[in-house]
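Please read them with the structure open.

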Amino acid sequence: MNANTSEKKTKKKLNAIDWFLIIAVVLCLAGAGLRMLLGSESGSFTSPVVMEDYIISYEINNIRNSSAEYLAADEDFYIEATDQYFGKSAGNISVTPAQFYLADAEGNYVEAYAPENGDATRVDVTGTMLVSGYMSDHGFLLGGTTSLAVNKSLALRSTYIYVTVTITDIVKAS
């Protein structure tokens with residue numbers, strides 16, 4: 001071999017990008033191993049989430065009198081926007097004439113109730129539904145995914161009716 005063509009051995013060094021990629025691959029493998037060890041259904045590192053039954057009290061304002069019969073016990077309801085199962089009507093329904101506030105001649109608001117008008121009579125309804133979810137540190141999660149709170153309004157539907165309910169209370173079923 002000629003001295004000019006002699007092979008020079010070059011030593012390759014790892015730069016910052018190489019070290020970053022190596023560390024990223026190691027962390028991904030460690031994360032995958034931890035996920036396999038703890039299980040994919042685990043909601044937290046300590047214990048899996050357990051769904052429990054809750055009673056949600058609600059009110060519906062200004063609906064037709066005949067619509068109240070579709071809120072009967074054991075009727076299934078779904079959230080209109082997501083088609084997620086909401087819960088089952090518990091049948092504790094209270095129907096009162098719809099309450100309105102009207103301005104009188106002096107501009108003061110006066111409480112009034114809807115007049116009796118046969119099937120077109122307007123009513124307010126209060127009731128309860130049995131739902132499944134859990135109470136976290138941040139509030140109630142319906143089905144573990146949808147956050148619900150007092151005074152939140154939701155559009156619900158069943159086979160026969162579409163209503164907007166306002167949640168008034170959330171308590172654990174006994």
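**Notes on the predicted model**

1. The model is predicted. A nonpolar patch on the surface is formed by Leu14, Trp19, Ile22 and Val26, and together these residues have about 390 Å² of accessible area.

2. The relative accessible area of Leu14 is 47%, so Leu14 is classed as partly exposed; exposed would require over 50%.

3. Met51 sits in the loop between α1 (16-38) and β1. With 37% relative accessibility, Met51 is also partly exposed, because that class covers the values between the 20% limit for buried and the 50% limit for exposed.

4. Which residues does Met51 touch, leaving aside those up to four places away in sequence? They are Ser132, Gly133, Tyr134, Gly143 and Gly144. As for Val131, Met51 is 80 residues from Val131 in sequence, while the C-alpha to C-alpha separation of the pair in space is 9.8 Å.

5. Ser57 belongs to strand β1, which spans residues 52-64. Is Ser57 buried or exposed? Ser57 is buried, because its relative accessible area is 19% and buried means under 20%.

6. The contacts of Ser57, again without residues up to four places away in sequence, are with Gly127, Thr128, Thr166, Ile167, Thr168 and Asp169.

Note on methods. Residues are numbered from 1 along each chain as its sequence is written. This is a predicted model: local features need pLDDT of at least 70, side-chain atom pairs count only at pLDDT 80 or more; totals for chains, interfaces and linings use all residues. Side-chain values use heavy atoms; hydrogens and water are left out. Helices (H or I, at least four residues) and strands (E, at least two) are DSSP runs, numbered from the N terminus. Buried means under 20% relative accessible area, exposed over 50%, partly exposed in between (1.4 Å probe, protein chains only). Contact means heavy atoms within 4.5 Å. Patches are made of residues with over 30% relative accessible area and no salt bridge: like charges are joined within 9 Å, nonpolar side chains (Val, Leu, Ile, Met, Phe, Trp, Tyr) within 5 Å. Accessible areas come from the Shrake-Rupley method with a 1.4 Å probe; for residues, only the protein chains shown count as cover. A salt bridge is a side-chain nitrogen of Lys or Arg within 4 Å of a carboxyl oxygen of Asp or Glu.
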